[in-house]
Amino acid sequence: MIRSSIWKLEMSTQYEKSDPTPPTGSRSCLYDLLCSDTPRWDRPSDADTTSWLLRKETWRSFGPQARLERMLEDTGNRVCADCGSPDPKWVSLSIGVFICIKCSGVHRSLGSHISKVLSVKLDEWTEDQVDGLVNLGGNIVVNNKYEAFLPNNLKKPRPDSSIEERSDFIKRKYEMQQFLEGEQTSCRLQPHHRTPSSTLPLPPGYPLLNEKKHSEKQSRHRIGNRFRNSWGRKDSDHLKISKKSNSLAGMVEFVGLIKVNVVKGTNLAVRDMLSSDPYVILALGHQSVKTRVIKNNLNPVWNESLMLSIPENIPPLRVFCMQIVYDKDTFTTDDFMGDAEIDIQPLVAAAKAYEKSKIQESMQLGKCVANRDNNFLKDGIINLADGKVKQEISFRLQNVERGTLEIELECVPLTQ
């Protein structure tokens, strides 16, 4: 018993005095990231006398933004993980890579269930989000996983590559996972099938807002099909999903970004016994994002910001209010609580005009007059404040018995 205690004490002493040499080469990046919970100490005495918990709190006290900037200094994170463009300012939070603004548009077209995109500077990061990003390892670690079996005859996109080349590579890399570590390339040529839980609901054949006639079944329907992020838009009365539209998802040029702050809902429709569990879906072209679910509330306050890329041929922003359905059967679809269609072209035009001007002071740049066609509760004023072009909009939800939503739009130029 005594000899055992002495042996444990000796081993503990050796462990405390040991000074392992950090790995070099391709493993050094991963080592730095794994050790990034604690600051780098110049003097050994500091590390010996400071507890691990105190050091971790000191590192976290730098704030999430400072930690992000420090991660960007890592060699692998200085270029886009997909095309190699320098100085990436966007992040796929769910995958764990730093990407450029062009590749970020393709990532958004995959859907947030595959790649949730955030801006290093435009979004407000939390400590938990940065912790999660650190744990995923950064560009080098993630690329070693998703490009482990990259064919020799396949070249990665370059900074000047076309949107088609980017889209094809990024889809094969993350959505189909054809080059994934631990799998033979020949075994992963088929697209990865999405599970019902990984898709967002969208009303099948939901009516466009300029239609004058709607059947009772359309106005009070339940969702019959699951939402797919790569959906094609046709000039008809209904949205239809096709293989062709899936293949074209992401293959568009972008003229800017739109940041949508979903503020709140008021007097929403009841879909449970006495209340509802609402959330909001935003769709722009082939992209879609959604807010969190707020349970048992007909007047929910989200205050949640979501980002979408603006295609060159600017489509309307489509807003869907949904009721989550909790059911063991994963194929059960969510309840429809109204929709709306918002023309963002006036906002984009105002932002472009501001970019070409030398205006410095805050001012009104324009407005969208409330009328029956847009169902605004009041005029949507487009303002310039602190160098940002914004528009606050309150509107009635359509194809539902009641309910209004309030959102704030901000047009962000690609230079950011």
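I started with helix 6, which is mostly covered: nine of its ten residues are buried. My cut-offs for accessibility: buried is under 20% relative accessible area, exposed over 50%, partly exposed in between, with a 1.4 Å probe and protein chains only. I listed the buried residues of helix 6 as Ile101, Cys103, Ser104, Gly105, Val106, His107, Arg108, Ser109 and Leu110. Gly111 follows helix 6 and has a positive phi, near 100 degrees.

Ground rules. The model is predicted, and I took local features only at pLDDT of at least 70 and side-chain atom pairs only at pLDDT 80 or more, while totals for chains, interfaces and linings use all residues. Residues are numbered from 1 along each chain as its sequence is written, and side-chain values use heavy atoms, without hydrogens and water. Helices (H or I, at least four residues) and strands (E, at least two) are DSSP runs, numbered from the N terminus.

Next, the packing. Which angle do the axes of helix 6 and helix 9 make where they cross? I found roughly 50 degrees, with the axes of helix 6 (residues 101-110) and helix 9 (residues 163-175) coming within 10 Å. Axes are lines fitted to C-alpha atoms, for helices over the stretch in contact, and angles run from 0 to 180 degrees between N-to-C directions. Helix 6 is therefore oblique to helix 9; under 35 degrees would be roughly parallel, over 145 roughly antiparallel, 65 to 115 roughly perpendicular, the rest oblique.

I then listed the contact (heavy atoms within 4.5 Å). Helix 6 brings Lys102, Cys103, Val106, His107 and Leu110. Helix 9 brings Ile163, Arg166, Ser167, Ile170, Lys171, Tyr174 and Glu175. The contact residues divide into six nonpolar, two polar and four charged. I counted Ala, Val, Leu, Ile, Met, Phe, Trp, Tyr, Cys and Pro as nonpolar, Asp, Glu, Lys and Arg as charged, and the others, Gly among them, as polar.

Then the aromatic pairs. I got two. Rings of Phe, Tyr and Trp (its six-membered ring) pair if their centres lie within 6.5 Å; planes under 30 degrees apart are stacked, over 60 edge-to-face, the rest tilted. Phe169 and Phe179 form a stacked pair, 6.0 Å centre to centre with 25 degrees between the planes. Phe169 lies in helix 9 and Phe179 in the loop between helix 9 and helix 10 (216-219), ten residues apart. Phe169 and Phe179 are both buried.

Last, the whole chain. I noted twelve helices and 13 strands. Of its 416 residues, 47% count as buried.
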